[in-house]
2 protein chains.
Amino acid sequence: MVAYKSVTVFAPASVANLSCGFDIMGFALEGTGDRVVLSLSEGEENDILELTGTYAGHVPAERKRNSAGVAVDAMLAAIGKLNMSIHIKLEKNLPVGSGLGSSASGAAAAVYALNVMMGSPFEIKELIPFAMEGERAACGTAHADNVAPSLLGGFVLIRSYDPLDIISITTPCELYCVVIHPHIEVKTSDARRVLKKEFPLQVVTRQSANTASLMTGILTCNYDLIGRSMNDLLAEPRRTMLIPGFLAAKNYAIEAGAIGCGISGSGPSVFALCNNREITTKITSAMQKGFSEAGLTSDIIISSLNAPGARLINKEIF
Amino acid sequence: MVAYKSVTVFAPASVANLSCGFDIMGFALEGTGDRVVLSLSEGEENDILELTGTYAGHVPAERKRNSAGVAVDAMLAAIGKLNMSIHIKLEKNLPVGSGLGSSASGAAAAVYALNVMMGSPFEIKELIPFAMEGERAACGTAHADNVAPSLLGGFVLIRSYDPLDIISITTPCELYCVVIHPHIEVKTSDARRVLKKEFPLQVVTRQSANTASLMTGILTCNYDLIGRSMNDLLAEPRRTMLIPGFLAAKNYAIEAGAIGCGISGSGPSVFALCNNREITTKITSAMQKGFSEAGLTSDIIISSLNAPGARLINKEIF
């Protein structure tokens, strides 16, 4: 049943909560992400997790609390192979609490690798629920708006969690994303706590109108409409206070030609969309200036909106 | 400045609140609607409203309370011509309190006619705010989800009311609509009163996800996705009780091959979508059966989703 002795997989970072698309939209990013090496363990131990990479010291070393470990074990449980000894080596390249889908990336890479190792019994989409269990361990809720784009690539819409209904969107438009990660940490739990619990009818209809318009813009390449629709009434008004420099960065991004700008995931990373790769440099400088005025240094990611998802890097047969 | 002595315009009925698209989506219907004849009045009286048609006795005869009269006067006020003597003849063909956009149809026809009469100083889209004033008079709120499709035709998305941002969608798909109007009246005010005032975060995100998915389905001809997305969490759960036979009609419609089914406007009319004109007859019978089991007779409208909007029927020069 086991097809490979060792499998190495990369899964990208991702932007969740596309402004009005709070909790329901996300997209994959190019270039950066976690790597996982799964190998059949020599011994009898089936709870090994090895951590490497820049952010190895920032995630739980205990397999039962690490998103990659939990995701692998959820998948092993589903196929009745919990007794298999699988060594997980997680190369943690994505900063934690950054809003870049760090825990999702590790979980996505891990389940993708396990699927390859087992001879691909699952379609990629079917791996999402296992990776979501990793999210539950890392963040408290089994959300899919990072793991789905990290696994599938591109732009993803989550229509429903019960039943899970995930739609992959390939936009026909020229859309690029600049992500700025300012060097502070925002805990997902804090970002959740500041949200209101109840909303008036008008907020529901306005948010719904914006998500419908955003999809219309993304599918018809109406860039101006995309910009007008990137208007979040749920999270952004509350989370702005958690991210010093965000408002300035947003204003500078728009001035520099961005279509729209919002918080990536639960922050502190922020993203801006534009329809021309050439102006991404200008937008990047503009946004970094906003954070630097607030005393924060920052990293950057520049990506298209049709970035590839998790992929095999290496596999070893017996 | 006045280009024509008399202008006759037809404006179609419409379906508002496309299930999850509560308050933000609507589309025009083929074949049925109100007619308005505007003529420069001989005398000095500038408050004349004449009513004809099947439902003449069901709408306010007073110009200041009738949606067509109010819309015309709002437009005259905007162009500083409130003292113009214009005779409005409204042929009221659409039943009132039916969920078919009856008050909107009269208002749309009236402002379209006045625009032609004045030599078309406004684009059609710019007439929407005037027609919305007619809705305010008729229903208490200046909503646009009937007047916009009645004026523009086709499928319309209202992204925002402030500022007014209305998007015309031409779906590339084969989409047809069956509308059944059961013979009872539902007052818009009653339909508004039964709604909840506050909604938990999860309802906001689920409704938003469905509107985003519905637009995706309509723009990519994913008929199954359209059906899954036609799931309203705001109005339908509360308004179902106001429309005897609706649930049966909905189940029968789906059994007969409809993609989805919901309440048209604030009811009692209900609509079903399908992707094949040939099965509209079967769906019509199925839905009428649902209402007939509840003791209700009904009328029908069958239309495509790209139906034309308001249009000139006749004009007379001096």
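## A walk through a two-chain model

Let's begin inside one chain: the centres of domain 1 and domain 2 of chain A, taken over C-alpha atoms, are separated by 24 Å. Keep in mind as we go that this is a predicted model. In the domain assignment of chain A, domain 1 covers 6-170 + 306-316, and domain 2 covers 176-304. The contact between these two domains takes 26 residues from domain 1 of chain A and 33 residues from domain 2 of chain A. On the domain 1 side, β1 (6-18) and β2 (21-40) of chain A are the elements that give two or more residues. The largest share of that side comes from β2(A), with 6 residues. Sorted by class, the domain 1 side that touches domain 2 has 13 nonpolar, 12 polar and 1 charged residues.

Now turn to a sheet in chain A. Four strands form an open sheet in the order β9-β10-β7-β11, with antiparallel pairing. Which strands stand at the edges? They are β9 (260-263) and β11 (298-304) of chain A; each has a single partner strand, so one side of each is left without a neighbour in the sheet. On average, neighbouring strands of this sheet are turned by 20° against each other, direction ignored. Helices lie against these strands. Helix α9 (residues 246-255) of chain A packs on the sheet and touches β7, β9 and β10 of chain A, and its direction makes about 160° with that of β9(A). Helix α10 (residues 280-293) of chain A lies across β7, β10 and β11 of chain A, and runs at about 25° to β7(A).

Look next at one pairing in this sheet. Strands β7 (residues 176-182) and β10 (residues 270-274) of chain A pair in the antiparallel sense over 5 bridges. Tyr176(A), for instance, has Cys274(A) in β10(A) as its bridge partner.

We can follow strand β7 in chain B too. There, 5 antiparallel bridges join β7(B) to strand β10 (residues 270-274) of chain B, and Tyr176(B) stands opposite Cys274(B). With strand β11 (residues 298-304) of chain B, β7(B) pairs in the antiparallel sense over 7 bridges; here His181(B) has Asp299(B) as its bridge partner. Is β7(B) mostly covered or mostly uncovered? Mostly covered: 7 of its 7 residues are buried. In a regular strand, side chains alternate between the two faces of the sheet. Both faces of β7(B) are covered, with Tyr176(B), Val178(B), Ile180(B) and Pro182(B) buried on one side and Cys177(B), Val179(B) and His181(B) buried on the other.

Finally, let's see how the chains meet. In this contact, 36 residues of chain B touch 36 residues of chain A. Several elements of chain B each supply at least two residues to its side, among them β2 (21-40), β5 (155-161) and α7 (223-229). The most comes from α6(B), with 16 residues. By class, this side of chain B has 20 nonpolar, 10 polar and 6 charged residues.

How are the two chains related?

Note on methods:
Residues numbered from 1 in each chain as written. Chains lettered and ligands numbered in written order. Predicted model: local features only at pLDDT ≥ 70, side-chain atom pairs only at ≥ 80, totals over all residues. Contact = placed C-beta atoms within 7 Å. Nonpolar A, V, L, I, M, F, W, Y, C, P; charged D, E, K, R; others polar. Domains from an automatic or database assignment. Pairing = 2+ DSSP bridges. Axes fitted to C-alpha atoms, helices over the stretch in contact; angles between N-to-C directions. Buried ≥ 20, exposed ≤ 12 C-beta atoms within 10 Å, placed from the backbone.
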